[in-house]
Amino acid sequence: MFSNASNFVQGVDTAFAIIVGISLFFLIGLTALMIYFVIRYSRKRHPKTEYVKDNPWLEATWIGVPLIIVLYMFYIGWEGFLPMRQVPEGAMKVKAIGKMWVYEFEYEGNKVSDTLVLPIDKPVRIDLYSPDVLHGFSVPAFRIKEDMVPVKDNYTWFKPGELGEFDLFCTVYCGLSHSSMHSIVKIVPELEFNKWLAALPVRKKEVGGQGKKILDKNGCFACHSVDGTKLVGPTFKGSYGSKIKVKTNGAVREVIFDEKYLEKSIYEPDADISGEYPQGLMKSYKKVISKEDLVVINDYLKGLK
Ligand SMILES: [Cu+2]
């Protein structure tokens, strides 16, 4: 009756079915009763209003019965939810990074993939990270949905029980290309998984050093290219040291792209908007990128010609 895609399907679907069932029962029951009362107690049939007063049994019933029902609904929800926070010991570990607007999966040994490939029947703990804004980690087929919260580590776990490919969606509105932020969870036999993992390349040493790493970690390249491509924000290519047109409080002026401008556009992105880009697209990174990081980023951008 239940799909076997993950170990949580049964708990979630049972709670869902029972709650929808209770809701439907009351929706239909109350509507029918209302219609009955409208007819039965209309002025034509019942010209004089009944006055009901002090009925302890009636009151106890309408407090007691709904109380039991909602507590029961809470209980089945709790029972389905609790195991989701209890990762079994020895679960395999994968780090999932959600950034504007892609997913990245880091396996042991610094191996990185853009698809989440997992062996069947093995519990896996997914550590959830976001370097920029709130993202979601939702696999509807597994009944899994957790937020990826910047500066707060979160996790989820599950045991896949069915081979195949399952959709992974970002379920938190995270900006311009939110709708294209999705990936695939591929469940394969263990042998195949071991082969796949062995063939997965180790993450290359970053060219560009620390500066590029910081930009990458914070998801900056989702909006700013280094090859001149026009993305959501202006390209880094050839910008450093050049004169650029910015809009400050609606007025266009020219500034030199230097350390000062870099700091301002990272800490107060809406103060001097480059070119024709709209306001409000970028958030402030004041709490995320330190002054020391700025120096390193500055050096990296300076070397970018
Ligand atoms: Cu997202």
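The model is a predicted one.

Let us begin with an open sheet of five strands, whose order is 3-2-1-5-8 and whose pairing is mixed. Strand 3 (111-113) and strand 8 (154-158) are found at its edges; each has a single partner strand, so one side of each is left without a neighbour in the sheet. From one strand to the next, the twist averages 25°. Within this part, strand 1 and strand 2 run antiparallel. Look for Gly98, whose bridge partner in strand 2 is Tyr103.

Another open sheet has three strands in the order 12-11-13, with antiparallel pairing. Its edges are strand 12 (251-256) and strand 13 (272-274), and because each has a single partner strand, one side of each lacks a neighbour in the sheet. Ignoring direction, neighbouring strands here are turned by 45° against each other on average. A pair to look for is Val246 and its bridge partner in strand 13, Ser274.

| Strand pair | Residues given | Bridges and direction |
|---|---|---|
| Strand 1 and strand 2 | residues 92-99 and residues 102-107 | five bridges, antiparallel |
| Strand 11 and strand 13 | residues 243-248 for strand 11 | three bridges, antiparallel |

**Helix 2**

Finally, turn to helix 2, which takes in residues 56-81, 26 residues in all. From its first C-alpha to its last it reaches 37 Å, close to the 38 Å expected at 1.5 Å a residue. How many of its 26 residues are buried? The count is zero, and helix 2 is hardly covered.

Technical notes. Residues are numbered from 1 along each chain as its sequence is written. This is a predicted model: local features need pLDDT of at least 70, side-chain atom pairs count only at pLDDT 80 or more; totals for chains, interfaces and linings use all residues. Two strands pair if DSSP finds at least two bridges between them. Helices (H or I, at least four residues) and strands (E, at least two) are DSSP runs, numbered from the N terminus. Axes are lines fitted to C-alpha atoms, for helices over the stretch in contact, and angles run from 0 to 180 degrees between N-to-C directions. The expected span of a helix is 1.5 Å times one less than its number of residues. A residue is buried if 20 or more other C-beta atoms lie within 10 Å of its own, exposed if 12 or fewer, and partly exposed in between; C-beta atoms are placed from the backbone.
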